[in-house]
Amino acid sequence: MKEAERVLNSKGYFITNQFNGFYGTNTNEYELYKGDECVMDHLSESQIIALAPYYKEREDKHMCRTMNELEKVVADYRSLKALKEDLEEQLKDIEREIIGYMDSNEKLSETGKDFTIKLSTCERRTVDTKRLEADLGSLAEYQKISQYRRLCVR
């Protein structure tokens, strides 16, 4: 783990204990950060060790110069994407298990030896902009437009 952490740190990444959403951290779970952005979370020690070689063999560069380099980067991209999807699915399964426990025991909170769980109902409100424009006219002066680039690799 120390070697993996050293490799990741040398590439500008750092590892922290997984924040539990309340006041502490989860034991044996980690988050991978690049600057202020959390790149991956809920990682195990073995997953961090598996990620390190990817960062170790890549040079500090921002673009591929040959098709062979691009093919390798795309293969790495797909591997990491698959790992991320697998982790997200595992997290969803665990979340469903926790919510099932809370529901079957009719609890909204639970405290264990090293964790606290709180289950709450949230609400999200959206605005139907098409209907609002139909009723009030153009909303252009109230809109904030931001642009970003989207990468699609298949």
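**Terms and values in a predicted model**

Q18 touches G24, T25, N26, E29, Y30, E31, D41 and H42, leaving aside residues up to four places away in sequence. The model is predicted, so local features need pLDDT of at least 70 and side-chain atom pairs count only at pLDDT 80 or more, while totals for chains, interfaces and linings use all residues. Residues are numbered from 1 along each chain as its sequence is written, and side-chain values use heavy atoms, with hydrogens and water left out.

Q: What makes G24 a residue that Q18 touches?
A: A contact means heavy atoms within 4.5 Å. G24 is one of the residues that Q18 touches under this rule.

Q: Why is Q18 called buried?
A: Buried means under 20% relative accessible area, exposed over 50%, and partly exposed in between (1.4 Å probe, protein chains only). Q18 has a relative accessible area of 3%, and therefore it is buried.

Q: Where does Q18 lie?
A: Q18 belongs to strand β1, which covers residues 13-19. Strands (E, at least two residues) and helices (H or I, at least four) are DSSP runs, numbered from the N terminus.

Q: What does the side chain of Q18 reach at 2.7 Å?
A: The side chain of Q18 reaches the backbone nitrogen of H42 at that distance. A polar contact is a pair of N or O atoms within 3.5 Å; within protein, one must be able to donate a hydrogen and the other to accept it, and residues adjacent in sequence count only if both atoms are side-chain atoms. The value of 2.7 Å for Q18 and H42 falls within the limit of 3.5 Å.

Q: Why is E110 called buried?
A: The relative accessible area of E110 is 15%, so this residue is buried. E110 lies in strand β4, residues 109-111.

Q: Which side chain is joined to that of E110 by a polar contact of 2.5 Å?
A: The side chain of Y101 is joined to E110 in this way. Y101 is also among the residues that E110 touches, together with M102, F115, T116 and I117.

Q: How many helices and strands does the protein chain have?
A: The protein chain has four helices and five strands. Their order along the sequence is α-β-β-β-α-α-β-β-α.

Q: How many of the 154 residues, as a percentage, count as buried?
A: In the protein chain, 17% of the 154 residues count as buried. Q18 is buried, and E110 is buried as well.
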